[in-house]
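Here is a short briefing on a predicted model. Keep the structure open as you read.

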Amino acid sequence: MIDFTEEQIQRYSRHILLKDVGVEGQEKIMQAKVLVVGAGGLGAPVSLYLAAAGIGTIGIVDADVVDISNLQRQVIHFTKDVGRSKVESAKEKIQAINPDVKVNTYYEFLDSSNAFDIIKEYDFIVDGTDNFPVKFLINDACVMAGKPFSHGGILRFNGQTFTHLPGTACYRCMFKEPPPVGAVPTCSQAGVLGAIAGMLGTIQATETLKYFTGIGELLTNRLLSFDAKTMQFRTIAVKQRETCAICGKNPTIHNLIDYEQAACDLKNH
Amino acid sequence: MAKITVNGEVQEVSLPLSLTELIKQNDVQQSDMVSVQVNDDFVDRTEWDSLQIKEGDSVDFLYFMGGGSL
């Protein structure tokens, strides 16, 4: 049992008032440990909302520094932060919003050498990355370690997300392997409407809070996608694939894979 | 003509029609970027040519979306 201070009761009063959250739910939120991979377009709203909600520990992984082209959508970073590491910039804002939150920063890329070590400290992982190699890595590491995670992807005017719990469909059930290098544009090559990141990131933050409080039905075995041009949201039922190479009956992947990254990036042209 | 559902919307198509042909008809720009479910089951890329669409089939295209951070 956490003893709430008077200030905490006030701070979280709008959660506590919710019948589905209450003091018990808020306590679960405050004991939760969440890892956010990528302090960018998705990681920014996810981290801000999770911090505001009072998540006990937030880990942030990102090897990048803030670039001025990030500010159009990565709302956790300010103009003054250009040139600073994204993890430090994010940590400062999280603690300014809510000093109760413990923040762990990982100023490095997530890869096969560190993924298990970092992930094992957390109860729930949020994929806010911008490339397929790491999306597959997060999927595989979480499936192998039995960790739940929220997947997120955005492109141009579209977003897609699902939530994985052990025993439900994983990213590889839907997409067997990364597309060929160069076949798929990422945001840095194709562009993205900044507010889309907020739309998708807040869905991921909501799923995270639902996971810890047990509210409603998570986006498991369903892929939610939306097109902001028409504002149509669609949920497609997806099943765990028996032949899935990582979560199927006879997995063929036993080690984490570092897939090749698409080499081109707008910043380098 | 046969009625099928593609991404939640009803389409009329003429049979015979393979999944590969249906994908082309639906202007999927890069087939590398799409994963396909027919009647809630994923269909391996290697089976797209041989899978024949039937009346009442429900087909979903799931697109790769890679952005988020940078």
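Helix α4 of chain A runs over residues 43–53. Of its 11 residues, 9 are buried, so the helix is largely enclosed by the rest of the structure. "Buried" here means that 20 or more other C-beta atoms lie within 10 Å of a residue's own.

**Helix α4 of chain A**
- Which residues of α4(A) are buried? They are G43(A), A44(A), P45(A), V46(A), S47(A), L48(A), L50(A), A51(A) and A53(A).

**Chain B: elements and dimensions**
- Chain B has 5 strands and 1 helix.
- In sequence order, the pattern of chain B is β-β-α-β-β-β.
- The C-alpha trace of chain B spans about 45 × 25 × 20 Å along its principal axes.

**Chain B: burial and contacts**
- What share of the 70 residues in chain B is buried? The buried share is 24%.
- Take the contacts in chain B with a separation of 6 or more: 60% of them join residues 24 or more positions apart.

**Where chains A and B touch**
- How many residues does each chain bring to the contact? Chain A brings 33 residues, and chain B brings 16 residues.
- On the side of chain B that touches chain A, 7 residues are polar, 6 are nonpolar and 3 are charged.

Methods. Residues are numbered from 1 along each chain as its sequence is written. Chains are lettered from A and ligands numbered from 1 in the order in which they are written. This is a predicted model: local features need pLDDT of at least 70, side-chain atom pairs count only at pLDDT 80 or more; totals for chains, interfaces and linings use all residues. Helices (H or I, at least four residues) and strands (E, at least two) are DSSP runs, numbered from the N terminus. A residue is buried if 20 or more other C-beta atoms lie within 10 Å of its own, exposed if 12 or fewer, and partly exposed in between; C-beta atoms are placed from the backbone. Two residues are in contact if their C-beta atoms, placed from the backbone, lie within 7 Å. Ala, Val, Leu, Ile, Met, Phe, Trp, Tyr, Cys and Pro count as nonpolar, Asp, Glu, Lys and Arg as charged, and the others, Gly among them, as polar.
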